[in-house]
Amino acid sequence: MNLPIQWESYAGIIGIDWGDKNHAICMRLPDGSEIESKLAHTPEAIAEWAEELRNRREGCFAVGLEQSRGSVCTALIEHTDVLDIYPVNPLSVHLFRKTWSPAGAKNDPSDARLICEMMRTHPDRMRPLRIQDPETQSLKLLNEKRRKLVDLRTRLVEQLISQLKDYFPQALELTGGDFSNRLSCDFLRKWKSLQSVQRARPSTLRQFYYDHNCRSKKRVEERLKLVQSAVPLTTNDHLMEPMIRMVQVLVEHISLLNEQIRCFDQVIHQTFRACEDAGLFRSFPGAGAALAPRLLAIFGQDRERWSDAEEVQKYTGIAPVVVQSGKSSKTQRRYARPRFDHQTFVEFARCSKQYCAWAAGFHDMKKSQGMGENAILRALAFKWIRIMYICWKNHVPYDDEAYTAMLRKKNSPCLCFIPAPTEDVA
């Protein structure tokens, strides 16, 4: 059996069902024969396997894998001279397995064969993994890892607030409740309970706030009055000691995360600034120090990565899907999507309302039509992606005045929700 025309340039098709320690491999050759094997999950074993393929001197192999990133994919990318990687959606493999095994039978070798068969019979559905330039790869991972640190800090802060409410609820007001800054953590290190802060001199407290850039005299005096008038929630030392210890542990963890997040911010800023398209993505209203690098990482610097804006909209889950059966039809949000990329566009849409008049007008127009907030943000992100794609494809920064003029020329309905500019009176 010959391979379909789309695969004729390859020396074979390989399906890999990856595992924690071993990977099941099914290789289909042009003559129709299949070779099944197992591969240990070690860098040495993968390198040796790739070298064996290279020594065949038959050309390049197409590899289907239920990953577009991860340790296996990272290892295979090192051998792109002999391997072309085709990511396969795990849900697609699951449904394909259900087609031929409705009873639910499953094992690693059979999954490797399924992936190989999917590639052979549906070449039009397969897209090769496009490897981004090193700067974009680094920027994408830096942003994602930073978000993981922020999420971890959020969980720890929630635990800290819960602990403080059990014995020292006044600390939330005395620190402002923002534990991403140095003031809150230093305050809880210095004064572990209400009793300890009440023993401090007002001048000491006042100097502490001034040293931590809290210079509002009114706010400082309000906090000093709270310290004087506050009543402890409990005076039982046996109850307080375990909670105080727990708070100190959480404070140290949060302080460490604060420091590391700032380090990530510095590296992200340096990496982003070195990218050629940094100025382009900074031009979008609302894309500040956090969102501009994330947007650039999605689009990348390779202009051939995305064929059109619709491809970006579908990939990130911003474009809705239509579910139709008989006479019934409904539009719903897309569930299969990279969550961080999807979240990036939604967050940008929310920020753009504050800095862009037409974006705020579009939001108000949709709100007046009864659309929910999340749906409005996705609709606004949908429009922004089309704008960003054109700017990105043509290497042209965004011009808000030019775009607003175009909307006025087309008599866009959202213009009715844009406040008229006020004229200065001499």
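**Sheet, helix packing and salt bridges in the predicted model**

An open sheet of 5 strands is present, in the order S3-S2-S1-S4-S5 and with mixed pairing. Its edge strands, S3 (34-40) and S5 (83-87), each pair on one side only. On average, and with direction ignored, neighbouring strands of this sheet are turned by 25 degrees against each other. The structure described here is a predicted model.

Within the sheet, strand S2 (residues 22-28) pairs with S3 in the antiparallel sense, over 7 bridges. One of the residues concerned is Met27, whose bridge partner in S3 is Ile35. Helix H1 (residues 43-55) packs on the sheet, where this helix touches strand S1 (12-17), S2, S3, strand S4 (61-65) and S5. The direction of H1 makes about 150 degrees with that of S3. Helix H4 (residues 108-121) lies across S1, S2, S3, S4 and S5 and runs at about 140 degrees to S1.

Contacts between helices were examined for H5 and H15. Two packed helices are described by the angle between their axes and the distance between the axes. For helix H5 (residues 134-167) and helix H15 (residues 339-355), the axes come within 11 Å and cross at roughly 85 degrees. Angles of 65 to 115 degrees count as roughly perpendicular, and H5 and H15 are therefore roughly perpendicular to each other. The contact involves Lys140, Asn143, Glu144 and Arg147 in H5, which meet Phe340, Asp341, Gln343 and Glu347 in H15. By class, this contact of H5 with H15 has 5 charged, 2 polar and 1 nonpolar residues.

Salt bridges were then considered across the model. A search of the whole structure finds 18 salt bridges. One of the residues in the H5 contact, Glu347 of H15, also takes part in a salt bridge with Arg294, in which the side chains meet at 3.0 Å, N to O. This pair links distant parts of the chain, since Glu347 lies in helix H15 and Arg294 in helix H13 (residues 291-299), 53 residues apart. Both Glu347 and Arg294 are buried. Elsewhere, salt bridges that share partners join Arg182, Asp186, Arg189 and Glu252 into one network.

Two members of that network, Arg189 and Asp186, meet through their side chains in a salt bridge of 2.8 Å, N to O. Both residues lie in helix H7 (residues 182-190), where Arg189 and Asp186 are 3 residues apart, about one turn of the helix. Asp186 is buried, because its relative accessible area of 18% falls under the 20% limit. Arg189, with a relative accessible area of 29%, is partly exposed.

Arg245 and Glu241 both lie in helix H11 (residues 237-273), at a separation of 4 residues, about one turn of the helix. Arg245 is exposed, because its relative accessible area of 56% is over the 50% limit. Glu241 has a relative accessible area of 44% and is partly exposed.

Technical notes. Residues numbered from 1 in each chain as written. Predicted model: local features only at pLDDT ≥ 70, side-chain atom pairs only at ≥ 80, totals over all residues. Heavy atoms only, no water. Axes fitted to C-alpha atoms, helices over the stretch in contact; angles between N-to-C directions. Helix = DSSP H or I, 4+ residues; strand = E, 2+ residues; numbered from the N terminus. Parallel < 35°, antiparallel > 145°, perpendicular 65-115°, else oblique. Contact = heavy atoms within 4.5 Å. Nonpolar A, V, L, I, M, F, W, Y, C, P; charged D, E, K, R; others polar. Salt bridge = Lys/Arg side-chain N within 4 Å of Asp/Glu carboxyl O. Buried < 20%, exposed > 50% of the residue type's maximum accessible area, 1.4 Å probe, protein only. Pairing = 2+ DSSP bridges.
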